[in-house]
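Here is a short report on a two-chain model. Have the sequence and the coordinates open as you read.

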Amino acid sequence: MIIKINSRSEIPIYLQLRNQIVKGIGKGELEQGEILPTVRQMAADLGVNAMTVSKAYQLLKAEGFIETDRRKGSVVCIPEEEYPTQQAAFEEKLEDELELLTAEAKIRGMDKGQFIQFCQHIFEEMEMVPE
Amino acid sequence: MIVTIIMILTDWLMVGVTKMVYSCKVAYRQGMLFGVHVPGDAAELPEVKTMIEKYQSWMKAFYRWHFAIGTVICFLGMWYMSIFFIAWTVWMTAFFIGVMGKVWQTHRHMYELKMQKGWYEATSEEEQVTSAVDTKTAARTAQMAVPMICHALPLIVLCGPLVIPGLWHAMAINSESWIIFVCCLLVCGCLLGAALFYDKMGNKIYSEHSDINFQVNCLEKRMTSVGFLASSICNSLAFWPIAGTLLSGKWMDWSWLGLYALFESAAGIVIIVLFFIIRRRKEALLKQDTAPMYIDDDYYWRNGWYSNPDDRRLFIQDRYSSMNYTVNLGRTAGKVITGITYGLLIVMMAGFCLWLLKIDFTPVRMQMTDTTVTVTSGYSNISFDRDEIEEVQLLDALPDDNFYKVNGSADGKQYLGKFKGKEAGKCQMYVTLDVTPILEIKMPEYTVFINSQEEGKAEKWYQELKQ
């Protein structure tokens, strides 16, 4: 997977990195068990501070998207079963972000059909997530 | 004469390599023209065509003139070495300022045209990409270069002759062999450092396909590390003829020296050959690519050099020559390194010019008291007791001996400094070659040969020493 970073963006680099890895897992560009570059290598290739990459990896690890293998390093993993509390927290986050996006779509004159079509199209791009 | 030939060849090599590196910028390569990312059909635009034609004709005339001037200047070395070196320094500075100035100027014009035409203008923040990483390539970086432990091999090759019986003893007597050994060791260290530097460099993205990115980065890192290792082995092997010359008792014999020069030349040739192999194979790999990917960081290169304060990297792959690395001037450390490098270079060149002037134009003088004799010159001074003198004589010419320089100057006009003769042994020379007579002062440890351009001076010294 190619991760692209914009250092001039207002979004912090560690968050851009986290978001792209999550999108990569969702789209199937990063497979379960795939080894991610070491923090130092990722930082060298991107030209960013190693602490920035480390912060993104820590966040991904806390969210369960990657795990650390003593021999392999950081490995992609797809959380299969989540605790009810984690599931509830995610649903709350999803609802919150969807609410904001729906509001913006409504303000800009998008109807329900169009909005659902957009959501469906993006959802179908995610090959790893079972329907 | 030898120095003149070496310098002519050096100048030709310098002009040739520079021409080869910067002439290809007129061709559309890796999505770039004059180091600026532009669409493939941009080269067909009339303004770009004019730009290319102007660049080519200017460069052609520039290289032609500098090829001629660089050659002519070298003949000054047959007159005065200091005058030659000053003229050569001025020529070399003008040559590089001219080439880089033209490259940067054309690059800037191309960048301005790109801005004017709105090529690759990002419409959203997501489209603006300043850096990228290929996770599959980056995760396999460790497999790319030759393991650093392999650099123990040149060290073993270099130290190998030291186990030969008698070599330690021969080296203990001959201090120059130690200097050569330490120099070989330092070159091995530098090549190891260069290999480490290339190994730690980040990978570059060329394509949307991970396979292509891996193959190109692997090719560059593996071949470069092999090149440094092979060069280091050749450099270590160069010490073997030195050991041979020591053991055979024929120090500085031409056959052994030839072998030494052969191995040292091979150390450099290996790297140059690998550079061309890498370039050819890289181009072949990139031609197969169906989805090339270019990271448009032209903004940071707009002045001709890289300046990006957001980029943590200090050394960046050069846009004009992929084998070369440049400093990120957006970082304070980059500015400091560049300032110190250029500062040191200017000071060293100026110092060397002054030193050569001193050697060429300071007259040799001899001052005598009742007990001591002091010789002063533009290179070194010596002082000895009159009691130490075993024999003094005036010679019509230098003895028919094979003198070789240990330090100082031997430019075909004068012998100045420490020399060694096969029969005369250790000597201190203060001799202008076309001036006679020459005063020979024999002492237990060394012999002094001295004359003066001032008529009758050597005879006067002879008389004074005889008293």
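Helix H2 of chain B contains these buried residues: B:Val48, B:Tyr55, B:Met59, B:Tyr63, B:His66, B:Gly70, B:Ile73 and B:Cys74. The model is predicted, so these are computed assignments. Look at the spacing. An α-helix has 3.6 residues a turn, so residues three or four places apart point the same way. Within H2(B), B:Tyr55, B:Met59, B:Tyr63 and B:His66 are among the buried residues. What covers them? The cover over the buried residues of H2(B) includes helix H1 (2–23) and helix H3 (81–117) of chain B.

H2(B) runs over residues 46–74, which is 29 residues. From first C-alpha to last, H2(B) reaches 42 Å. That is close to the 42 Å expected at 1.5 Å a residue.

Now turn to chain A. Chain A has five helices and three strands. Their order along the sequence is β-α-α-α-β-β-α-α. The C-alpha trace of chain A spans about 50 × 35 × 25 Å along its principal axes. Chain A has 131 residues, and 25% of them count as buried. Take the contacts in chain A between residues at least 6 apart in sequence: 56% of these join residues at least 24 apart.

One lies within chain A, where E2(A) and E3(A) pair. The other crosses between the chains, from E1(A) to E3(B).

| Strand | Partner | Bridges | Sense | Facing residues |
|---|---|---|---|---|
| E2(A), residues 66–69 | E3(A), residues 73–76 | four | antiparallel | A:Thr68 opposite A:Ser74 |
| E1(A), residues 2–5 | E3(B) | four | antiparallel | A:Lys4 opposite B:Ala132 |

E2(A) and E3(A) form a hairpin, with three residues between the two strands.

How many residues does each chain give to the contact between A and B? Chain B gives 21 residues and chain A gives 21 residues. On the side of chain B that touches chain A, the elements giving two or more residues are strand E3 (131–134) and helix H4 (135–139) of chain B. E3(B) supplies the largest share of that side, four residues. By class, the chain B side has six nonpolar, seven polar and eight charged residues.

Methods: Residues numbered from 1 in each chain as written. Chains lettered and ligands numbered in written order. Predicted model: local features only at pLDDT ≥ 70, side-chain atom pairs only at ≥ 80, totals over all residues. Contact = placed C-beta atoms within 7 Å. Nonpolar A, V, L, I, M, F, W, Y, C, P; charged D, E, K, R; others polar. Pairing = 2+ DSSP bridges. Buried ≥ 20, exposed ≤ 12 C-beta atoms within 10 Å, placed from the backbone. Expected span 1.5 Å × (residues − 1).
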